[in-house]
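Me: I have a protein model open and would like to learn how to read it. Could you walk me through some features?

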Amino acid sequence: MVTDSIANCLTMIRNSLHARRAHVTIPSSKVVESVLTILHQKGFIDNFKTFQDGSKKFVRVHLKYESPNKPAIRNVRRISKSSLRVYAGAGDIPHVLNGMGIAIVSTSKGIMSDDEARKNHVGGEVLCEVW
């Protein structure tokens, strides 16, 4: 059983990009789908689709490459972990590579990107950084 579905999702995407795969299949959850929605909106992945295999639900993520050897996601880092939670106020949400990347934040208004959280003046748990 996977205890950290976000870390599992990010690791599977990172490993698939290093292996130059076109897509990856990840166990689904509402949080994983929210993170993938943000990655899709910001242009880090092509698209994703959920499907059911028996009683289990999965997400197939179609990865994005800028050129054959250059993935759209250069690096991804899990910030808040189960052993150490990282929270930031609306004014303290980190800028990733001076705006070249994004931070994904879990707020009281849902999971959103760092710029959306700043615009809505809400802070929360910093889940990960992607660039």
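Me: How many bridges join strand β6 to β10?
Reply: Strands and helices here are DSSP runs numbered from the N terminus: a helix is H or I with at least four residues, a strand is E with at least two. Two strands pair if DSSP finds at least two bridges between them. In this case, three bridges join β6 (residues 76-78) to β10, and the two run antiparallel. You can find Val76 opposite Val130 in β10. One caution on the source: this is a predicted model, where local features need pLDDT of at least 70 and side-chain atom pairs count only at pLDDT 80 or more, while totals for chains, interfaces and linings use all residues. Residues are numbered from 1 along each chain as its sequence is written, and side-chain values use heavy atoms, with hydrogens and water left out.

Me: Which residue in β10 is the bridge partner of Tyr87, and which is that of Thr107?
Reply: Tyr87 has Glu125 as its partner in β10. Strand β7 (residues 87-88) pairs with β10 in the antiparallel sense over two bridges. For Thr107, the partner in β10 is Gly124. Strand β8 (residues 102-107) is joined to β10 by six bridges, again antiparallel.

Me: Why is β10 described as largely enclosed by the rest of the structure?
Reply: Start with the cut-offs: buried means under 20% relative accessible area, exposed over 50%, and partly exposed in between, using a 1.4 Å probe and protein chains only. Seven of the seven residues of β10 (residues 124-130) are buried, so the strand is largely enclosed. A loop residue can be buried too: Ala72 lies between β5 (70-71) and β6, and it counts as buried because its relative accessibility is 7%.

Me: In what order do the three strands of the open sheet come?
Reply: The order is β1-β3-β2, with antiparallel pairing. The edge strands are β1 (23-27) and β2 (45-53), each pairing on one side only. From one strand to the next, the twist averages 25 degrees. Five bridges join β1 to β3 (residues 56-63), and His23 has His62 as its bridge partner in β3. As a general idea, side chains in a regular strand alternate between the two faces of the sheet.

Me: How do I read a helix, and which residues of α2 are buried?
Reply: Begin with length: the expected span is 1.5 Å times one less than the number of residues. Helix α2 (residues 30-41) has 12 residues and reaches 17 Å from its first C-alpha to its last, close to the expected 16 Å. Its buried residues are Val32, Val35, Leu36, Ile38 and Leu39. They cover an arc of only 155 degrees, which puts them on the same side of α2; the arc is that of the directions from the helix axis to the C-beta atoms. The face turned away from this buried side carries the exposed residues Lys30 and Gln41. Just after α2, Gly43 takes a positive phi of about 85 degrees.

Me: Where are the buried residues of α1 when seen down its axis?
Reply: Ile6, Cys9, Leu10, Ile13, Ser16 and Leu17 are buried in α1. They fall within an arc of 130 degrees, so they line one face of the helix. Just after α1, Arg20 has a positive phi of about 60 degrees.

Note on methods. Axes fitted to C-alpha atoms, helices over the stretch in contact; angles between N-to-C directions.
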